[in-house]
Amino acid sequence: MSTTTALPQKPSRKRADLETSRVLQAELKARITGEVRFDRTSRMLYSTDASNYQIEPVGVVIPRSIDDAIGAIELAASHGVPILPRGGGSSLAGQTVGAALVIDFSKYLSRIHDLNVEEGTVLAEPGLNLEGLNRQLKANNLMFGPDPSSSNRATIGGVIGNNSTGAHSILYGMTGDNVLGVRAALATGGVAELSQVPGETLEAQAAADDPRGRLLREILAFRDANRALIQRDFPPHWRRSTGYSLNELLKPDGEFNPARLLVSSEGTLATVLQARLKLVPTPKKTALVLLQFAELVPAMEATTVILETEPSAVELMDRMLIDLTRAQPGYASRIAFVEGDPAGILAVEFYGESDAELIAKCDHLESHLKRHKVSMSADPLRVLDTKRQADVWKVRKDGLGLLYSIRGDYKPIPVIEDVSVPVEHLPEFVGAVQAMCAEHGTTAAYYAHASAGCLHIRPLINLKSAAGVETMSEMAHEAAKMAHRFGGVM
């Protein structure tokens, strides 16, 4: 009988990964003062966010200082382990889950370092949530303009990664429009201070032999090689929170801000350690006018007419959200003003310096709607009392949680999320989505920043079945094609 000599076997990928994980964990514990969590429970806790997805991380670091964060990034990079910065975990498309070293900034790195009231700027750490930031700014009558509905948990680092905004984007733009500079840690090593500088300063920075200089040289070379492609193919619609902000590369050197390339990048390019943000004055007075519609498409058709009166926001709440609010004892009183069974309500907000100015703006809106023969299912309802306004905004902001109270296996799934189309195409897009839902034998919840053409559409899908998962995938691809067809982005 012949014999063979067994060759040495390479360790399996799984065994190699486990060994890397053990070594990385030991090195992290020896170097940083923050929390190092590689236990099964922590990895499970960080395997999910607010999306439909679940991916277990390699481990979790909760840095107590910026030096901790830099150390964790350097060690992970030295072992070839991906790095995933994380804030409040409120992402709806799986942005904060991955087979990586998760660095959670939300527990300790949540301080303000510098507030310049005269210039209207603030330097803050990435783990500070937006409500916490605005509470500290309130005494100076300042605030951060973008206001996502998750602001009580969304962090500065997260809104930069996601290019978040909210109801008032027609006034304040996206997060990217409000980022002045960042201090960022690079996976290739080192820390870079990035901001808008004069053209000659940019050239000098790019010539330097340091992490920022090397980074800027690569960025500028990439820009030169791809400028024509970006000009040709980058989505033109301004309300965008998907993919890299390559449109920033098209700006001339004196206006180019490399910090804004990190906006929308979801932590894949660098890790934000501090951010310099532009602030805006808090509004002195506000008013709401609530408009009820028997159908959603006519509500969307009315949006362009409403925008001609220069509101600060136009928000949509649909029948599903209204019915769920009415059914919740803690919320029913907040929406008692709703008459009948409207398919949708548009909440139109105005800013003003005085009550007289607000009343004049409400009068102008109502006369403008009559002049354009906008058909509504009830008379416009003015809400001038601040407490009642807060009730309306509470219902709108808590809409997601209320939607998840639907009983049964069919849940409103975030899969047509933050689709944005030019406002003039809103009626066509909503009509097309309604037809698509009907084809798939389901319905959907609709709530929207109608003023910016941005929709959150939640089809009711059972993800406990293989057929439901397939339906989710099909509807996502169909919706993306529709968004593109109507000049928007998903």
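The tour below goes from strands to a sheet, then to a helix, a loop residue and a pocket.

**Before you start.** This is a predicted model, in which local features need pLDDT of at least 70, side-chain atom pairs count only at pLDDT 80 or more, and totals for chains, interfaces and linings use all residues. Residues are numbered from 1 along each chain as its sequence is written, and side-chain values use heavy atoms, with hydrogens and water left out.

Stop 1: Select residues 59-62, which make up strand 2. Helices (H or I, at least four residues) and strands (E, at least two) are DSSP runs, numbered from the N terminus. Gly59 and Val61 on one side of strand 2, and Val60 and Ile62 on the other, are all buried (under 20% relative accessible area; exposed is over 50%, and partly exposed is in between, with a 1.4 Å probe and protein chains only).

Strands 2 and 4 pair in the parallel sense over three bridges; two strands pair if DSSP finds at least two bridges between them. Look for Val61 with its bridge partner Ile103, and Val60 with Val102.

Next, select strand 3 (residues 83-86), which pairs with strand 4 in the parallel sense over four bridges. Strand 1 (residues 35-37) runs antiparallel to strand 2, and three bridges join them; Arg37 has Val60 as its bridge partner.

Stop 2: In what order do the five strands of the open sheet come? The order is 5-6-10-8-9, with antiparallel pairing. Strand 5 (112-116) and strand 9 (191-195) are at the edges with a single partner strand each, so one side of each has no neighbour in the sheet. From one strand to the next, the twist averages 10 degrees (axes are lines fitted to C-alpha atoms, for helices over the stretch in contact, and angles run from 0 to 180 degrees between N-to-C directions).

Show helix 3 (residues 66-78) as well: it packs on the sheet, touching strands 8, 9 and 10, and its direction makes about 135 degrees with that of strand 10. Contact means heavy atoms within 4.5 Å. Strand 8 (residues 179-185) and strand 10 (residues 271-278) pair in the antiparallel sense over six bridges.

**Stop 3: helix 10 and Ser405.** Select residues 319-327, helix 10, whose buried residues are Met320, Leu321, Ile322, Leu324 and Thr325. Among the elements covering them are strand 13 (313-318) and helix 13 (399-403).

Then click Ser405, in the loop between helix 13 and strand 16 (411-412). Leaving aside neighbours within four places in sequence, Ser405 is in contact with Leu324 and Gln328.

**Stop 4: the second largest pocket.** Finish by selecting Asn134, Met143, Asp147, Pro283 and Lys397, the closest to the pocket's centre of its 27 lining residues. On a 1 Å grid over the protein atoms alone, a pocket is an open set of points where a 1.4 Å probe fits, with protein on both sides within 12 Å along at least five of seven lines; lining residues have an atom within 4 Å of a point. Helix 12 gives the largest share of the lining, six residues.
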